[in-house]
Amino acid sequence: MGIWDAQHETMDREQLRALQLERLQAAVGRVDERVPFYRDKLTALGMEPGDVRELDDVRKLPFTTKNDFREQYPFGLFAAPMEEVVEVHSSSGTTGKPVVAGFTRRDLDTWADLVCRVAVMAGVQAGDIAQVSFGYGMFTGGFGLHYGLQRAGAAVVPISAGNTARQLQFMQDFGATVLIATPSYALYLAEAIQKSGTPEAFKLRLGMFGAEACSEEMRRQIESRIPMRATDNYGLTEVIGPGVSGECECRNGMHIAEDHFLVEVVDPVTDEPVADGETGELIFTSMTRECSPVLRYRTRDLCSVTTEPCACGRTLARMGKVVGRTDDMFIISGVNVFPSAVERVLFAIEGIEPYYQIVLQRKGALDTFEVQVEVTETIFNGWMDDLRAFEKQVTEQLRSALLVRPKVKLVEPGTLERTEGKAKRVIDDRPR
Ligand SMILES: [Zn+2]
């Protein structure tokens with residue numbers, strides 16, 4: 001498979017560090033000059049842009065959190081005058097004011113290039129017909145993939161999210177070869193294709209999944225239903241949207257566009273950097289954005305990053321799967337539990353469908369932890385005694401992995417809610 005931007009994607013790491021330092025210095029100078037929020041933060045730390053003399057000086061810079069974006073809503077963090085802004089996006093803001101990001105013409109160009117890299121890395125070529133089933137609108141996923149896929153030479157079908165019947169009709173009639181969706185919606189579509197009676201009428205060969213974590217088990221579940229190669233990519237509005245990183249043909253981590261985003265992995269409690277390959281919180285500094293540059297954004301995503309060489313020839317560091325978020329972890333009976341750990345256990349058990357939901361409630365002084373799991377027809381309609389034994393087996397496997405015992409409830413296939421966007425795996429009804 002080709003490499004879109006060989007000059008940067010296969011850059012010697014020493015040269016890369018020199019380019020990063022130059023770009024970091026420019027970015028710090030820009031926010032100091034144009035964003036009062038950052039100027040105040042730097043002043044409070046007794047810092048000037050000239051204090052960034054080497055790359056490790058990034059650690060002296062202030063962090064930026066989601067809360068900072070909310071407090072600066074809507075345009076407080078913009079570093080470009082409105083005359084230069086040509087597009088504005090925002091996150092969904094389900095829990096407070098949304099995060100807003102602006103793009104200048106050059107930002108849009110950079111964005112298209114970065115998403116194009118990810119698309120080409122995944123295997124997109126001219127001649128591909130790419131169905132974008134991400135929501136268009138304020139969400140960066142739809143437009144970001146749209147621009148990047150066009151640059152890669154694909155014919156983009158901007159169908160957006162929802163209306164599964166129409167998705168399937170166009171996918172079949174247009175002969176879509178590439179699908180862009182969240183992994184949970186991709187799984188739902190794959191199931192629908194399987195049940196359509198004419199799965200051979202579909203030409204999908206490649207999936208580019210993002211906007212939520214796609215575990216290896218989830219990938220297997222999708223690929224077992226339709227003959228498609230599923231790839232993972234990563235991005236977030238605060239940093240740019242999609243285009244931050246993506247999988248190459250080796251599928252052993254996602255190459256980060258380090259020439260644009262300086263990555264750090266820190267211990268979320270001490271903020272100290274962790275060793276190469278160790279898990280910690282991902283921190284990104286965007287070095288080339290004109291309108292919405294960000295210093296040391298705390299993603300709350302936990303994962304590892306390695307600079308070990310990759311067989312594809314790219315020298316850019318690779319990040320592993322996001323194994324959890326510092327804020328979606330929940331505590332039950334004093335034990336920290338990540339929903340991704342529940343998923344890993346469940347998806348590896350034969351007889352379980354890839355749909356589950358975690359329900360947390362409080363009864364009196366006690367928290368209850370229930371995991372509702374869909375099982376296959378065969379298991380559900382089998383002997384009651386077998387069903388009980390299966391339930392016990394699932395409970396035991398979860399207990400041994402999580403160190404806390406859930407109440408497992410096996411439900412009929414098709415019972416749990418299917419989503420056209422991000423799956424909501426945890427329902428926490430406990431009073432705050
Ligand atoms: Zn690679």
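Start with helices α10 and α12: α10 passes α12 in a right-handed crossing. The model on screen is a predicted one.

**Stop 1: α10 and α12**

Select residues 339-347 for α10 and residues 384-402 for α12. The two axes come within 10 Å and cross at roughly 140°, which makes α10 oblique to α12. To see what touches, show the side chains of Ala341, Val342 and Val345 on α10, then Gln397, Leu398, Ala401 and Leu402 on α12. Sorted by class, this contact has six nonpolar residues, one polar residue and no charged ones.

**Stop 2: along α12 and past its end**

Stay on α12 and pick Glu396, which is found in this helix. Is Glu396 buried or exposed? Glu396 has 12 other C-beta atoms within 10 Å, and 12 or fewer counts as exposed, so Glu396 is exposed. Glu396 and Pro406 are ten residues apart in sequence, and their C-alpha atoms are 8.9 Å apart in space.

Next select Leu403, in the loop between α12 and β19. The phi angle of Leu403 is near 70°, a positive value in a residue other than glycine. Leu403 counts as exposed, with 12 C-beta neighbours inside 10 Å.

Continue to the loop between β19 (407-411) and β20 (426-428), where Thr415 lies. Thr415 is partly exposed, with 15 other C-beta atoms within 10 Å. Select Gln372 together with Thr415: the two are 43 residues apart along the chain, and 9.8 Å separates their C-alpha atoms.

**Stop 3: the two domains**

Zoom out and colour the chain by its domain assignment, which gives domain 1 (1-326) and domain 2 (330-428). Taken over C-alpha atoms, the centres of domain 1 and domain 2 are separated by 30 Å. The contact takes 17 residues from domain 1 and 13 residues from domain 2.

The largest share, four residues, comes from α8. By class, the residues on this side of domain 1 divide into eight nonpolar, seven polar and two charged.

**Stop 4: Ala211**

Pick Ala211, in the loop between β6 (206-209) and α9. Phi of Ala211 is near 75°, again a positive value in a residue other than glycine. Ala211 has 26 other C-beta atoms within 10 Å; since 20 or more counts as buried, Ala211 is buried.

**Stop 5: α5 and α6**

Select residues 105-122 for α5 and residues 140-152 for α6. These helices pack at an angle of about 70°, with their axes 7 Å apart. That angle makes α5 roughly perpendicular to α6. α5 passes α6 in a right-handed crossing. Residues of α5 in the contact include Leu108, Trp111, Val115 and Cys116, while those of α6 include Leu145, Tyr147, Leu149 and Arg151. The contact of α5 with α6 has twelve nonpolar, two polar and two charged residues.

**Stop 6: a cis peptide bond**

Finish at Pro74, in the loop between α4 (66-71) and β1 (85-90). Show the backbone atoms from Tyr73 to Pro74. The peptide bond between these residues is cis, with omega near -5°.

Definitions and conventions
Residues are numbered from 1 along each chain as its sequence is written. This is a predicted model: local features need pLDDT of at least 70, side-chain atom pairs count only at pLDDT 80 or more; totals for chains, interfaces and linings use all residues. Axes are lines fitted to C-alpha atoms, for helices over the stretch in contact, and angles run from 0 to 180 degrees between N-to-C directions. Helices (H or I, at least four residues) and strands (E, at least two) are DSSP runs, numbered from the N terminus. Angles under 35 degrees count as roughly parallel, over 145 as roughly antiparallel, 65 to 115 as roughly perpendicular and the rest as oblique. A crossing is left-handed if the near helix is turned anticlockwise from the far one by less than a right angle, and right-handed if clockwise. Two residues are in contact if their C-beta atoms, placed from the backbone, lie within 7 Å. Ala, Val, Leu, Ile, Met, Phe, Trp, Tyr, Cys and Pro count as nonpolar, Asp, Glu, Lys and Arg as charged, and the others, Gly among them, as polar. Domain bounds come from an automatic or database domain assignment.
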